Amino acid sequence: MLAYTAQRLVLLIPTFFGVTFLAFAIMHLAPGDPVELFFAGGLAAGTAGIDADKLVEVEQAKAELRAELGLDRAIPVQYALWLGRLVRGDLGRSLKDRRAVWDKIRDRLGVTVEINVLAILITYLVAVPLGIYSSVRPNSLFDQLQTLGVFMLYSLPVFWVGTLIIIFLCGGDFFAWFPPAGLHSLGYDPDWPLWQRLGDRYYHLAMPLLCTVYTSFAALSRFMRTSMLENASMDYVRTARAKGLSERVVVLKHILRNSLIPIVTILAGLLPALIGGSVIIETIFSIPGIGQLGFQSVLARDYPVVLALFAASSFLTLLGILLADLALALIDPRISFERGRA
Amino acid sequence: MTVRAGSSSYGANVWRELRRNARAMVGLLVVGVLAVLALAADFVASDKPYYLELDGQVYSPALLDYGVWLGLRRWPEPLLNADFAALAERADAVLWPPIPYRSTGVDITGDVFEAPSSKHLLGTDGLGRDVAAGMVHGIRISLTIGLVVVAIQASIGILLGGLAGYYGGWTDLVLSRLFEMMLGIPTFFLIITVAAIFPPSIYTIMVILGLTGWVGIARFIRAEFLKVRALEFVAAAQSLGASDSRVMLRHILPNAIAPVLVAMSFGVAGAILAESSLSFLGIGVPQHVVTWGSILAVARTNTFAWWLAVFPGFAIFLTVTAYNLLGDGLRDALDPRLEI
């Protein structure tokens, strides 16, 4: 097990290099130069009637900025330098406002993680019981309605539901039940008592949270149901019934416990989802989270920020895949990754 | 898949299973209706009448439009660059399509942000374009994107997965790292990045979506090739002197291809959803192209225009659900134990 873990960890390294180099290359080969964008902003701000000298000056300033940012070097060299800094824990500075990338990310991380942790909790609390309940009487009316219901929810595009909520529930011409944007009310005061601050925050997070959770019920409840049904047809369940245990005990103690194994391993796969803010939801509801930061940075060609988010996300994805495999092996003694033993 | 009478081929079995599945059949029906609407979009929503009687002459501008487009015909003098709505006023008889507008018919001076009415059944957008016409023509764009993207994904997935599974060894090791790399990429973020930094175009969207979504198919095909490669009939074909490519294409692939159909059906839904998400964020199709997602994007900033959100969103929902239901049904019909 230890050897296998080490082997998988080593194999992670080239994969991680591949992913980050790909992102690096795409951003540096793509049309649209951050330096040009930076200067275009300044020029638009009012330098009408530029003469030739001024243009030469501007070109020089551009070249200097490029050299300062290291953008004048070959892409593999730039990548190596970036990687070297990453290893030392330096994510560089934003091209847009020259703030340290890590500071920008830290500012946004809290709310995204908060939404995602709550979303995962709610998903498990709703979907697991749904899956259990429909597996007790497969193909009953409840089972069919439940399957259809979560399937419909799964098929509703998030950006549609989000826009409908904004239009119909958040002010506008219809109902004004929820705030359309941000995390705080207008008269927000940091000196409010805790319950009032929390109440205000969750009043703002309710709709974004709803949009985050509703699509995820289907996969988990279906997974739970399948897992329950698989275990229900096992011999040990027949034995449990044969020795006269009540149906309740059979379902809750014998079937359910074994069915939870795969559900736990899914959790590891959710690791990247934890910090990956939804670009769409955060854009619709103007939530200052990671997704919004990523989208704004992409639009501004703010390479260092985009690359940092890319690296973090792919690292957690790869780690999540590995942890899911390992968790499966740890929980289920029948699975072994050692060679020669099955 | 052809179904011959009296035969009990694999295809016939699958079709029989599929027909029993009511939800899959609903999905198939919606997919079919959408395909017909996409093909007939120019006749369902057009600013050119089917039939126009003018000064004793009879024209069929809607049909003529095709002739002109193909370079076979020319517009007759009275219709050249004509405003058909104005011509119809003084025509003796006229028959309009059900939606008498073009999807791109800009009308800034007139009906901007009109709510649904008898004139514009589903309202108009900020440039005065008819939403109903935009939605009908949007089917074309959505389906084209869905099908092209899935074709790219399936080609790459089958090729790389097949090579990895058939040759094994180093080929497999290298390609498997590539697959793992693709899994490790935050796909939607990558798509957004590429879509945002390249000039907006439908073709860019197709290429990005096609190049990012193939890894599921590749991994599946690899596993199937690994399994089938070890069977006797492959050894038989090889010992008869069949070339590697012949063994792969004629002997192994037909045994592994059916479940790819399931992945492709889900893939169409995913591609349509991805395109409309990008257009919704304003980094998908160019401004002048009307798609479901781009109509919805206008509603995001003009929250009073509920009709710009409700109708195109429902179209996306309907299409995505139909392809998902079809994929679900196909999976159950092919092999209920399959996990895709």
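Two residues are taken to be in contact here if their C-beta atoms, placed from the backbone, lie within 7 Å. Keep that in mind as we walk through this predicted model, starting where the two chains meet.

By that criterion, the contact between the chains draws 39 residues from chain A and 33 residues from chain B. Look at the chain B side and you'll find several helices at work: α7 (169-184), α8 (187-197), α13 (258-281), α14 (292-301) and α15 (307-334) of chain B each bring at least two residues to the side that touches chain A. Sorted by class, that side of chain B has 22 nonpolar, eight polar and three charged residues.

Now move into chain A and pick out helix α5, residues 101-136. Two packed helices are described by the angle between their axes and the distance between the axes, so let's take both for each pair.

Start with helix α8 (residues 194-213) of chain A, whose axis comes within 9 Å of that of α5(A), with a crossing at roughly 55 degrees. Angles from 65 to 115 degrees would count as roughly perpendicular and those under 35 as roughly parallel; α5(A) and α8(A) are therefore oblique to each other. Their crossing is right-handed.

Finally, hop over to chain B for some sheet. Three strands form an open antiparallel sheet there, in the order β2-β1-β3. β2 (57-59) and β3 (93-95) of chain B sit at the edges with a single partner strand each, so one side of each has no neighbour in the sheet. From one strand to the next the twist averages 15 degrees. Zoom in on β1 (residues 51-54) of chain B, and you'll see three bridges joining β1(B) to β2(B), the two running antiparallel. One facing pair to click on is B:Leu52, which stands opposite B:Tyr59 in β2(B).

Definitions and conventions: Residues are numbered from 1 along each chain as its sequence is written. Chains are lettered from A and ligands numbered from 1 in the order in which they are written. This is a predicted model: local features need pLDDT of at least 70, side-chain atom pairs count only at pLDDT 80 or more; totals for chains, interfaces and linings use all residues. Two strands pair if DSSP finds at least two bridges between them. Helices (H or I, at least four residues) and strands (E, at least two) are DSSP runs, numbered from the N terminus. Axes are lines fitted to C-alpha atoms, for helices over the stretch in contact, and angles run from 0 to 180 degrees between N-to-C directions. Angles under 35 degrees count as roughly parallel, over 145 as roughly antiparallel, 65 to 115 as roughly perpendicular and the rest as oblique. A crossing is left-handed if the near helix is turned anticlockwise from the far one by less than a right angle, and right-handed if clockwise. Ala, Val, Leu, Ile, Met, Phe, Trp, Tyr, Cys and Pro count as nonpolar, Asp, Glu, Lys and Arg as charged, and the others, Gly among them, as polar.
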